[in-house]
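Q: I would like to learn how to read a few features of a structure. Where do we start?

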Amino acid sequence: MNNVHQKYSQGGDFVISPISELDIFTREDFSEEHKEIYNMVMDFDKDRVLTQKKEIESYNPELSKKLLDEMAELGLLGIDIPEEFGGIDLDKITSAIVAEALVYSPSFAVTWAVQTGIGSLPLIWFGTQSQKERFLPKIASGEIICAYGLSEPSSGSDAMGAKTTATLSEDGKSYILNGEKVFITNGGWASLFTVFAQLDGKLTGFLVESGTEGFSIGAEEKKLGMKGSSTVALNFQNAKIPAENILSTPGKGSEIAFSSLDMGRFKLGCSCLGGSKMVINRVAEYAQERKAFGTSISNFDAIIKKVADMTVHTFTSDSMIYRTIGSIQAEIDSIEKSDENYLKKMIGAMEKFAIETSMVKVYASDTSQWVIDEGLQIFGGYGFLEEYPLAPAFRDNRINQIWEGTNEINRTVIIGFFMKKALTEEMPIYDAIQDIEDFLKSNDLNSKDELLDKECFSLEMTKKGFLYLFNEALSVFQQDLQHEQQITELLADIMTNIYNVESTIIRAKKMYAKSQNIQAINIAKILTSEMVDHLTLSSKNICNYLKGHEMKDDSEKFLNEIISKAQLDTNTIDLKRNIAKHIFKEGKYPF
Ligand SMILES: Cc1cc2nc3c(=O)[nH]c(=O)nc-3n(C[C@H](O)[C@H](O)[C@H](O)COP(=O)(O)OP(=O)(O)OC[C@H]3O[C@@H](n4cnc5c(N)ncnc54)[C@H](O)[C@@H]3O)c2cc1C
């Protein structure tokens, strides 16, 4: 077996590293400071946001701005801003914690998320000293609200196809921008916009200030949800941007745009996690209070299953999210702050985890939408009424599967990066595949009887199954595999399941070692069993297709042998009853 061990896996290499060699960060590893910030934000959200939620959600820019000011006073607009520019420069784990804790008004949460994320990160990471001195202290204090303008009427997912142009004026003192941006969050309230335009055919970033001649802001869009946030179009008609407002150098736009999005989509996942937990809290109470057929609906097995499943997938989102940010933070911590290339290396550290941040975005947003849908179902007819919590949540959360890269685009990112690593041999994927036969011969489940050992074994087999299946598909289609999206989506989901199961097993074991938490173990068991079911079905579908394209019968036989070793005989029905019982007893999401 090749030694591919690293303490923290990165960029998808968890599929070739054995689980036993890994350590991960979990929320149980939060420092005292992390816990204090989490509680502080939860208190702020409850006292200041929840109490004014109706006004915020009915669109009240003054109130939203006032609340941003209050967050600034708590330092919460400057978490990622260096101290020399008025911020408090805390670790990335803290950014995740704040994003998770702001749950009560999704519109306000997104106003904050853009201010501290895609709206300001391009400047923090790529701005000049004088640009930072000019704008960052005011962003940290809330005096400047910022926005990020990438999407255009004819290019959303295809961001590189932006048509807005920038040309250098004859005197070289300004750039002239022409074009339109659409769907810009915070746009109606912002006074600083990071805008991307084609300069000599290359995407380039610019800082655009409100009041710039030739730059106008459109009317607020009427939306399905997030009604308290601002979403507008931006118009540029010979808008004259001072030459010193270019971000970094000409042609750097895609790097600026995508590195900020990596972090933006990760924080979106954190916010979805907070939302999922809140739904379970509501459901845990409601299901016990609501009576039907003379008993509480929490006694019905169908409701029990829903509550357990919601808990399993929320726990999983949590495990993958803090594993990912812990890995990113460990990478950042290994860079000297005094290094003159600190920022560049920090961005590089985050880019290493582009596969993982895309997985977080897809899984946490799909999970929260599904959790809300199940929660709504548990509320029955009341779930459909606006005055109950699930109807607005259903509408507000839906956007999370669309923005910061749609979930379809993020699935192509997951498998696209992995393909690149395989084809360039950056990762020893072929060596790992060569080792499968030996692995099958030398590993036997019978000898294992410790906690979650069966699940660990099943996970290792699933990794082998994934690698084998991926390699078969890649051998058939080579580069063109990227166009076979029905296959790549299945592969991206298998890969995500592997990451999730591994994160959940390791976390559950840590929790059990510390406090004998058996429910975390039950969750890991259910999740692993579901992973194998998904692999079995996906593999069947992919093989049925590949057989029409050169895949050999022997290959399918070998793959089935691997998958058969991954099979488990978990009694998921009883485990789910156990988990739901625990949730009802606690009256909330308890982890
Ligand atoms: C409320 C709101 C706020 C927003 N805020 C901002 C913001 O602040 N700044 C900003 O720049 N943008 C913002 N956006 C834009 C958002 O990021 C885009 O809407 C999103 O990226 C999708 O682009 P699109 O709407 O053009 O859809 P399209 O790109 O036209 O996609 C349509 C469908 O086709 C699918 N699709 C497209 N290409 C592919 C492909 N290659 N493979 C498979 N499927 C594909 C998509 O997944 C989607 O299902 C916001 C949008 C909304 C609705």
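A: Helices (H or I, at least four residues) and strands (E, at least two) are DSSP runs, numbered from the N terminus. Here the chain has 20 helices and 10 strands. This is a predicted model: local features need pLDDT of at least 70, side-chain atom pairs count only at pLDDT 80 or more, and totals for chains, interfaces and linings use all residues. Residues are numbered from 1 along each chain as its sequence is written, and side-chain values use heavy atoms, with hydrogens and water left out.

Q: How many salt bridges does a search of the whole structure find?

A: Side chains of opposite charge can pair when their charged atoms come close. A salt bridge is a side-chain nitrogen of Lys or Arg within 4 Å of a carboxyl oxygen of Asp or Glu. The search finds 33 of them in the whole structure.

Q: Which parts of the chain does the pair of aspartate 23 and lysine 510 tie together?

A: Their side chains form a salt bridge at 3.7 Å, N to O. Aspartate 23 lies in the segment before helix 1 (32–49) and lysine 510 in helix 17 (residues 485–515), so the pair ties together parts 487 residues apart in sequence.

Q: Are glutamate 100 and lysine 277 buried or exposed?

A: Buried means under 20% relative accessible area, exposed over 50%, and partly exposed in between (1.4 Å probe, protein chains only). Both glutamate 100 and lysine 277 are buried. In their salt bridge the closest N and O atoms are 2.9 Å apart.
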